[in-house]
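Let's get to know a new structure by working through some exercises together. Have a look at the sequence and the model first.

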Amino acid sequence: MSRVYNFSAGPAVLPEEVLREAADEMMDYRGCGMSVMEMSHRSKVYDTIIKEAEADLREIMNIPDNYKVLFLQGGASQQFAAIPMNLMKNRKAGYIVTGQWAKKAFQEAKIYGEAIELASSADETFSYIPDCSDLDIPEDLDYVYICENNTIYGTKYKTLPNTKGHILVSDVSSCFLSEPVDVSKYGIIYGGVQKNIGPAGVVIVIIREDLISEDVLPGTPTMLKYKTQADADSLYNTPPCYGIYICGKVFKWIKKMGGLEVMKQRNEEKAKILYDFLDQSKLFKGTVRKEDRSLMNVPFVTGDADLDAKFVAEAKAAGLENLKGHRTVGGMRASIYNAMPKEGVEALVAFMKKFEEENV
Ligand SMILES: *Cc1c(COP(=O)(O)O)cnc(C)c1O
């Protein structure tokens, strides 16, 4: 067996321990004679798996009792529609556009009502987070929407926007469980799990109970009503069973590692190794305003597209995979999620140093 250092933005690296455990349990899950993939989602065994996953997530994130945890399908992208369908009582919502995912959510919301761009960093290719301390927020907005960590551009909110009392909805797909959060500050926190938690196919929605109701936009599909999913404890229909099982294992791994404070320390330490190198490099340069840098996604460029391509190819040959930047941005991007070991980042920086010596 030979594993590479995988810097993919998503689906992305998972803890080896988790993969090994899943492999051990593949044919016969704890004496029940079948794989988790093969069992009924209504069985007692599966009920324990999904309940434990929820309980562990609640513990890790310290989720207050008045929030529901939903394990859903459709990816983060389906929530771009589900959120306005469920929350747009006045048919008016505010969006802060800090990258492609926020923009997509903003555009989707326009199908259902008036979506207002409260702020944007499009003027500088989304390389920073706008000042959101005193935005002009109309009184009758149903919610304020942000994408908290911008996977493609590598920016992250260090302080949440001042919503002036409005409900905050946050897409945390690419920073989920990367550091502690105060859940009570949000109406909804949600994310696809394939960036920092588990395999593609699961989206986790953490939603304050008073936002769950039958009062949704006309035409909202049954499956997209939070009420349907909350009433059925995510088992209205067949959930993404195997994906949830793997997420559960990752939650246990995080607990064992010491929880979100430890994740944060590890992530800061890893990101520092890479950013410190970028800050003094003669060849490579980070593309994001320093104070807004993400701990998870680190874009960088040489300034020469051919050299970038050469770097990506040579890095791949050296066992450092998926470093090509997003197709809309170019350059490189290293995603260094929870499961990326420090050794992986050190190996990347060592390779960058060598490449710099050979190419400057
Ligand atoms: C990847 C990503 C998405 C899209 O997720 P899907 O599960 O593919 O729909 C949305 N938001 C952010 C921040 C992402 O990183």
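This is a predicted model: local features need pLDDT of at least 70, side-chain atom pairs count only at pLDDT 80 or more; totals for chains, interfaces and linings use all residues.

Residues are numbered from 1 along each chain as its sequence is written, and side-chain values use heavy atoms, with hydrogens and water left out.

**Exercise 1.** Work out which way the residues of helix α2 face.

*Solution.* 
- Step 1: Start with the length. Helices here are DSSP runs of H or I with at least four residues, and strands are runs of E with at least two, numbered from the N terminus. Helix α2 covers residues 44–61, and at 1.5 Å a residue its 18 residues should span 26 Å; the end C-alpha atoms are 26 Å apart, which agrees. (The expected span is 1.5 Å times one less than the number of residues.)
- Step 2: Find the buried residues, meaning those under 20% relative accessible area, with exposed over 50% and partly exposed in between (1.4 Å probe, protein chains only). In α2 they are Y46, I49, I50, A53, D56, L57, I60 and M61.
- Step 3: Look down the axis. The buried residues of α2 fall within an arc of 130°, so they line one face of the helix. (The arc uses the directions from the helix axis to the C-beta atoms.)
- Step 4: Check the other side, where K44 and E59 are exposed.
- Step 5: Name the partners, using contact as heavy atoms within 4.5 Å. The buried residues of α2 pack against β2 (67–72), β9 (188–192), β10 (203–208), α6 and α7.

**Exercise 2.** Describe the largest pocket and its lining.

*Solution.* 
- Step 1: On a 1 Å grid over the protein atoms alone, a pocket is an open set of points with protein on both sides within 12 Å along at least five of seven lines, a cavity is a set where a 1.4 Å probe fits but cannot get out, and lining residues have an atom within 4 Å of a point.
- Step 2: The largest pocket holds about 450 Å³ of space. Among its 27 lining residues, E148, K156, Y157, E179 and P180 are closest to the centre.
- Step 3: Helix α7 (residues 260–280) gives the most to this lining, with five residues.

**Exercise 3.** Which residues line the largest cavity?

*Solution.* 
- Step 1: The largest cavity has about 40 Å³ of space.
- Step 2: Its lining is made of V13, L14, P15, N196, I197, V250, W253, Y337, N338 and A339.

Note on methods. Grid points are joined across faces, edges and corners, and a volume is the space filled by probe spheres set on the points. Ala, Val, Leu, Ile, Met, Phe, Trp, Tyr, Cys and Pro count as nonpolar, Asp, Glu, Lys and Arg as charged, and the others, Gly among them, as polar.
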